[in-house]
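User: Hi! Could you walk me through this one?

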Amino acid sequence: MIDIDLLLSWGAAYKKVSANETIFNQGQLCLFYYQLVSGKLRWANMDDEGKECIHSIVEPGESFGELPLFDDVPYAANAIANEDSIVIRLRKPTFLELIKDNSDIHFAFTKLLSKRLRFKFSIIESFGSHCPENRIATLLNYLKSENKNFCSDCNQLKLTRQQIADMTGLRV
């Protein structure tokens with residue numbers, strides 16, 4: 001999302017996270033801008049029964065947890081490492097100065113948040129259908145259109161059946 005050298009020049013720092021380590025929790029105040037450098041993580045909520053609802057599988061180069069940077073409300077979901085990962089983080093006040101000084105980055109965030117909101121609309125619409133195939137097709141079509149979670153060499157999906165179920169509100 002943002003060039004790592006630019007982030008470093010503004011004072012960002014790397015942080016190693018272990019598999020299954022929580023980076024931030026739902027309800028926690030936002031202190032940093034986060035971007036994944038290596039590894040994978042998920043952005044998810046847990047219901048009262050312990051079932052996970054995955055909003056996104058974050059891949060290297062992607063930012064995550066941006067909403068509280070802009071609306072000053074606590075995180076709406078948890079960020080959890082799927083595997084050993086490295087994130088780069090920049091303090092929130094510094095991030096806001098960075099985007100004020102770099103309007104192209106600000107517009108890129110506006111576009112990113114709009115794309116994510118549009119995806120959520122399509123997922124919510126698919127929940128109106130009680131046809132599980134429709135929910136899965138909506139998710140897969142979005143992931144394919146964004147070239148996200150697909151192996152570029154073999155055109156295979158890099159998600160488990162459980163992750164697909166957790167992203168569509170279904171059971172395996």
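Predicted model: local features only at pLDDT ≥ 70, side-chain atom pairs only at ≥ 80, totals over all residues.

Here is a short chat about its sheet and its nonpolar cores.

User: Good to know. In what order do the strands of the open sheet run?

Analyst: The order is 2-7-4-5, four strands in an open sheet, with antiparallel pairing.

User: And which strands stand at the edges?

Analyst: Strand 2 (22-24) and strand 5 (52-58) do. Each has a single partner strand, so one side of each is left without a neighbour in the sheet.

User: How are neighbouring strands turned against each other?

Analyst: On average by 30°, ignoring direction.

User: Back to strand 2: over how many bridges does it pair with strand 7?

Analyst: Over two bridges, in the antiparallel sense, with strand 7 covering residues 78-81. F24 has A79 in strand 7 as its bridge partner.

User: Nice. Switching topic: how many residues are in the largest nonpolar core?

Analyst: It has 29 residues, and I23, F64 and F95 have the most contacts inside it. Elements giving two or more residues to this core include strand 2, strand 4 (41-46), helix 3 (92-101) and helix 4 (103-127).

User: Which strand gives the largest share?

Analyst: Strand 3, with four residues.

User: You mentioned F95. What does it touch?

Analyst: Leaving out residues up to four places away in sequence, F95 touches I2, Y33, L69, F70, L90 and F109.

User: What about a second core?

Analyst: There is a separate one of twelve residues, and I54, F119, Y142 and L143 are among them.

How values were computed: Residues numbered from 1 in each chain as written. Heavy atoms only, no water. Pairing = 2+ DSSP bridges. Axes fitted to C-alpha atoms, helices over the stretch in contact; angles between N-to-C directions. Core = buried A, V, L, I, M, F, W, Y, C linked by side-chain atoms within 4.5 Å. Buried < 20%, exposed > 50% of the residue type's maximum accessible area, 1.4 Å probe, protein only. Contact = heavy atoms within 4.5 Å.
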